Amino acid sequence: TRVEGALYPHESETREVRNLDGIWNFVKSDEGNPTQGVREQWYKDDLSKVKTVIPMPVPASYNDITTDPEIRDHVGTVWYDRTFFVPNSWRDNQRVWLRFGSVHYEAFVWINGETAVKHEIGHLPFEADITKFLKFGEQNRITVLCDNALIQTTIPQGKISEAQRDKGIAIIQSYTFDFFNYAGIHRSVHLFTTPKTYIEDVKITTDLKESTGFIFYEVTSNGDIPLEELRVRIQIKDKRGNLVGKQTTKASELKGVLNIENVKPWWPYLMDPEPGYLYTTEVYLEGANGKLIDVYRVKTGIRTLTWTESSFLINGKPVYFRGFGRHEDSDIRGKGLDYALLTRDFNLLKWIGSNVYRTSHYPYSEESMQFADEQGIMIIDECPSVDTENFNQALLDKHKSSLQQLVNRDKNHACVVMWSIANEPRTNQYNADTYFGSVANYTRDLDKTRPITAAIAVPSKDDKAGRHLDIISFNRYNGWYSNTGRLDMITDHLVEEAIGWHKKYNRPVLMSEYGADTVEGLHILPSYVWSEEFQENLFAKHFKAFDTLRKTGWFIGEFVWNFADFKTAQTITRVGGNKKGVFTRSRQPKSVAHLLRKRYFAIGKEV
Ligand code: GCB
């Protein structure tokens, strides 16, 4: 099976990388006519020759860039194109690849009018060898069709319907999940080169024994040179660039293990004075005669993960998670990758003393995963399945595919400490047991080194999926959705529910969501829903329950919903979006942030 986009495009002495980010041309199909452009072959020439184009930034969601509601709320297909130059120097003896970090939800890509690659499921990378479509030493054209429609067999699910509107029919996209269905070319577009025979994948796992670290590596190559004529030379460098380990395999054997003496393990933030310590694994693919063929470097954090019926340990030490559910979301850019935002968010995570977040409710950018490795922020890595219902085979296949692509992409990240296979699936429904048994086992086959969880919202007594998980995560909005405004109905309910989960499944338990919508600057005393006072009081009642639960030994973490305010579909329960952020959408603290900061640092100091 083809390894889809397994390696992030890093440059090396055998690889060049070029970025196609910038302003592209953009046009949307007419409403209700998503196949128009394909039928009329818009990809055969510049889009500007068939339609009036507007400028559109890449990476970004297209929704909030213009002032046109028809673009913000568009359902169906949109088109992008641009030209780029390919130098003569790329002509010989190499492959040229095209790689997208993410296009939501489905993408078709043409190069100079020829089909180059297709991909379904947002938030995941895809790539293709486009050498044969290119004109070297000349200008080339790339055309992208992007479809945002969600139906019952997409991940996540949605529904499309028609409704009457003034002068015609409207296409309505509905979905039950609570974040705006932003669409477009969300992450960077890269062109990169590799030699004809190249490193296709590198898989790294690590282990520790006293002061020795172990790096297990497995390299996959692809290309014309037969495996018998290939070997790999591995070099491990420490953070300062000193060589601390090396090894050359026998021909045709592209795997092995290296020992690192006096190892510096990868630790989460506040568990070590130097959290996020990374080595570099340098992979040299060589001919049997030692001739250099391809080079790729992977950052490697050396750490172990272990889990029992009551605990989760990193490097043998129990971990208590102080975290957040988050979103990739900000004004104007929507879900578009933005380095300024990314850096600000990590600064805030560290300011508040957090050691973890869940990538609710889809995979986040590869750039953010690299950041988390370096900062020692742990990640519960979630696939894009949210609010799943009406379980069926087509959905199951796609759900598995999303996990296969996710594990493939993120397997080498030290920051990833758990896979989350779903958020709030309807696990009380018929078939949920076999469906999630299948998804969990499939994920475990892909990676046995990390535990599996899912964020569940049905009451524990009705749940049919938890027995397939290693760690139970539950979402509950005491004082908000249940017993709204009743601060006196939070602590005991929460303690009882957590105990219920542990009793039913005998697994470690964490709370993956709790919170209250809060309008920044709204003050009401005594505290009242939507006010900053209410958010603070509601958090304090949760803290009381968490402190009781922590004494049990099996309660392993608390995750606020949400890190920051974010945009949702238009509804009467959301004023300008979901306001459960501890930070505003522009990343400034609400008053609860200071309260949470005291708690997260106090707990962080205990370890
Ligand atoms: C949930 C969902 C999350 C929502 C949140 C809310 O349970 O998992 O996506 O945003 O509740 O605020 O309603």
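1. Which of the 13 residues around the ligand come nearest? The model is a predicted one, and in it D178, H361, E424, Y481 and K580 are the residues that come nearest to the ligand.

2. The protein covers 92% of the 320 Å² of accessible area that the ligand has on its own.

3. Sorted by class, the shell around the ligand is made up of five charged, four polar and four nonpolar residues.

4. Turning to charged pairs, the count comes to 42 salt bridges. One of them joins D345 to R587, with N and O 2.9 Å apart; this pair links distant parts of the chain, since D345 lies in helix α4 (residues 339-351) and R587 in the loop between β32 (555-561) and α10 (592-606), 242 residues apart. Both D345 and R587 are buried.

5. R409 and D410 also form a salt bridge, in which the closest N and O atoms are 2.8 Å apart, and both R409 and D410 are buried.

6. In the salt bridge between K264 and D272 the closest N and O atoms are 3.3 Å apart. K264 has a relative accessible area of 24% and is therefore partly exposed, whereas D272, at 19%, is buried because the limit for that class is under 20%.

7. Finally, salt bridges also link E13, K237, E282 and R297 in a network.

Note on methods:
Residues numbered from 1 in each chain as written. Predicted model: local features only at pLDDT ≥ 70, side-chain atom pairs only at ≥ 80, totals over all residues. Heavy atoms only, no water. Near = heavy atom within 4 Å. Areas by Shrake-Rupley, 256 points an atom, 1.4 Å probe, with all protein chains shown as cover. Nonpolar A, V, L, I, M, F, W, Y, C, P; charged D, E, K, R; others polar. Salt bridge = Lys/Arg side-chain N within 4 Å of Asp/Glu carboxyl O. Buried < 20%, exposed > 50% of the residue type's maximum accessible area, 1.4 Å probe, protein only. Helix = DSSP H or I, 4+ residues; strand = E, 2+ residues; numbered from the N terminus.
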